[in-house]
Protein chains: 2
Amino acid sequence: MTKPSARKRTSYHVGNLSERLMAEARSMLETVGPAKLSIRAISEKLGVSATAAYHHFSNRAALLSRLATLGFRELQQALIDNDQQIELQGDHRKRLQNASLAYLEFARANPALYQLMFGPEIGLDASDEGFEKARLEAFGELQKIIAASLNEPLESRTVRQASLAAWSHSHGLASLVIHKVVGFPEGMSSERLVETSFQGFEHVFGRSGVPSLRVSDD
Amino acid sequence: MTKPSARKRTSYHVGNLSERLMAEARSMLETVGPAKLSIRAISEKLGVSATAAYHHFSNRAALLSRLATLGFRELQQALIDNDQQIELQGDHRKRLQNASLAYLEFARANPALYQLMFGPEIGLDASDEGFEKARLEAFGELQKIIAASLNEPLESRTVRQASLAAWSHSHGLASLVIHKVVGFPEGMSSERLVETSFQGFEHVFGRSGVPSLRVSDD
DNA sequence: GGTTCAATCTTTGCGGTGATAAGTTCATGT
DNA sequence: ACATGAACTTATCACCGCAAAGATTGAACC
């Protein structure tokens with residue numbers, strides 16, 4: 001009796017433990033939240049000792065960083081897919097609005113993961129170079145979309161300015177929504193939210209608004 | 001010796017323990033980060049048993065919630081002070097830009113606290129009604145500024161739309177900056193950051209190709 | 001075949017954490 | 001004076017990240 005391991009001997013070496021840990025971690029991240037995500041719980045769920053995980057991730061922070069990296073890659077892909085699927089070459093504002101929508105829907109579909117991607121203070125591994133790279137590439141994708149929609153070269157100052165504005169807005173909106181801090185009805189669709197916010201910008205910056213002091217055309 | 005307590009007997013009852021715990025928690029929050037903020041460490045620093053804190057806060061989440069509540073009240077006050085100090089009744093865009101600046105500077109001055117305010121998943125107490133109230137009031141302040149600058153009634157749809165847009169943008173920009181994810185030079189001033197972002201919106205929403213008023217490289 | 005070896009996974013254990021239970025001190029009202 | 005209750009104490013528990021050292025396995029070499 002007292003065979004220490006409840007598992008059959010055939011599974012001492014799991015083989016794909018790393019992938020399975022990541023998958024379980026990602027799932028558990030969304031269910032229990034980042035704070036309660038523990039290596040012990042993940043390992044236990046996979047029927048494996050907790051320490052086994054430390055042979056695939058140097059520590060908890062590294063696990064979280066890899067999850068976040070994966071998130072940025074998925075976000076980038078979502079932006080790519082969405083943009084080339086829609087094809088709104090004519091209306092640059094509509095095209096940008098559509099990118100914002102894809103962004104918001106990614107965040108809503110993976111709220112905890114999204115939060116992790118932008119909350120390094122929770123405990124990410126800053127020395128993970130793949131993380132920084134993935135994040136920059138995702139931002140680069142947004143810049144590409146903006147550059148294309150504005151018909152400007154990627155390096156232009158206009159594109160950098162618009163990218164900062166767009167990323168700030170998209171990230172802010174997504175963040176407010178997944179934290180349920182917006183004062184709008186809970187069930188409001190992502191389309192409506194983005195539409196509402198864009199209309200708000202129209203009021204402030206658009207020609208329908210009150211003229212500012214320096215007006216270029218009149 | 002072996003007096004269990006190193007403190008003089010006169011200080012069994014601290015008296016203002018609750019305030020001192022909050023102050024120490026806030027300080028420690030910025031130094032060690034929200035994840036590493038422990039009740040034990042806070043209490044120890046005050047020369048008090050860890051359990052003493054539990055007589056003032058039902059649990060760790062309640063402590064964090066009260067910190068966040070305090071943060072929203074300070075943010076609201078910062079918006080008020082800034083707006084009535086500046087007085088830019090004429091240019092509504094400039095006025096909004098100034099509110100964004102105050103917002104960003106608050107976040108930069110209290111990065112960990114700011115993160116806590118918008119990261120309930122880290123472990124806030126959702127049942128804390130003061131927290132929700134403070135947050136709504138801070139948002140209400142922003143709405144008031146926008147309503148005044150747009151010369152619209154507070155309940156108008158325009159104001160709600162512009163408020164969602166403005167809060168999303170301000171929060172997103174602040175969040176990106178304090179997490180150091182913006183691709184701009186680290187030391188960039190808050191003024192420049194807000195200015196840059198607003199120019200970006202001009203490019204997207206403004207009338208055809210508004211030239212930037214300030215000529216400076218970014 | 002047997003032996004070695006490195007990778008993988010195990011048990012064991014340390015120190016720190018949130019939280020509860022039960023006891024101690026003290027200020028205050030009657 | 002003394003009862004009451006709030007403020008604080010010392011256990012103690014379960015869980016966590018993480019490190020050390022040992023066990024299991026497959027593959028590679030002879």
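This is a predicted model: local features need pLDDT of at least 70, side-chain atom pairs count only at pLDDT 80 or more; totals for chains, interfaces and linings use all residues.

Modeller: Local features need pLDDT of at least 70, side-chain atom pairs count only at pLDDT 80 or more, and totals for chains, interfaces and linings use all residues; side-chain values use heavy atoms, without hydrogens and water. Residues are numbered from 1 along each chain as its sequence is written, and chains are lettered from A and ligands numbered from 1 in the order in which they are written.

Colleague: Which residues does the domain assignment of chain A give to domain 1 and domain 2?

Modeller: Domain 1 is 15-57 and domain 2 is 65-205. The bounds come from an automatic or database domain assignment.

Colleague: How much area do domain 1 of chain A and domain 2 of chain A bury between them?

Modeller: About 900 Å², with 65% of it on carbon and sulfur atoms. Buried area is the accessible area (1.4 Å probe) that two parts lose on being put together, summed over both. On the domain 1 side of chain A, Met22(A), Arg26(A) and Glu30(A) lose the most, together 59% of what that side buries.

Colleague: How many salt bridges are there between domain 1 of chain A and domain 2 of chain A?

Modeller: One. A salt bridge here is a side-chain nitrogen of Lys or Arg within 4 Å of a carboxyl oxygen of Asp or Glu. Glu74(A) pairs with Arg26(A), closest N and O atoms 2.5 Å apart.

Colleague: Switching to chain B. What does Arg26(B) form a salt bridge with?

Modeller: Glu74(B), at 2.6 Å between the closest N and O atoms. Arg26(B) is in helix H1 (residues 17-32) and Glu74(B) in helix H4 (residues 60-86) of chain B, so the pair ties together parts 48 residues apart in sequence. Helices are DSSP runs (H or I, at least four residues), numbered from the N terminus.

Colleague: And Arg93(B) and Glu202(B), buried or exposed?

Modeller: Both are buried, meaning under 20% relative accessible area (1.4 Å probe, protein chains only). They form a salt bridge, closest N and O atoms 3.0 Å apart.

Colleague: Last one. Which residues have the most contacts inside the largest nonpolar core?

Modeller: Leu67(A), Tyr114(B) and Met117(B), in a core of 132 residues. A nonpolar core is a set of buried Ala, Val, Leu, Ile, Met, Phe, Trp, Tyr and Cys residues joined through side-chain atoms within 4.5 Å.

How values were computed: Buried means under 20% relative accessible area, exposed over 50%, partly exposed in between (1.4 Å probe, protein chains only). Helices (H or I, at least four residues) and strands (E, at least two) are DSSP runs, numbered from the N terminus.
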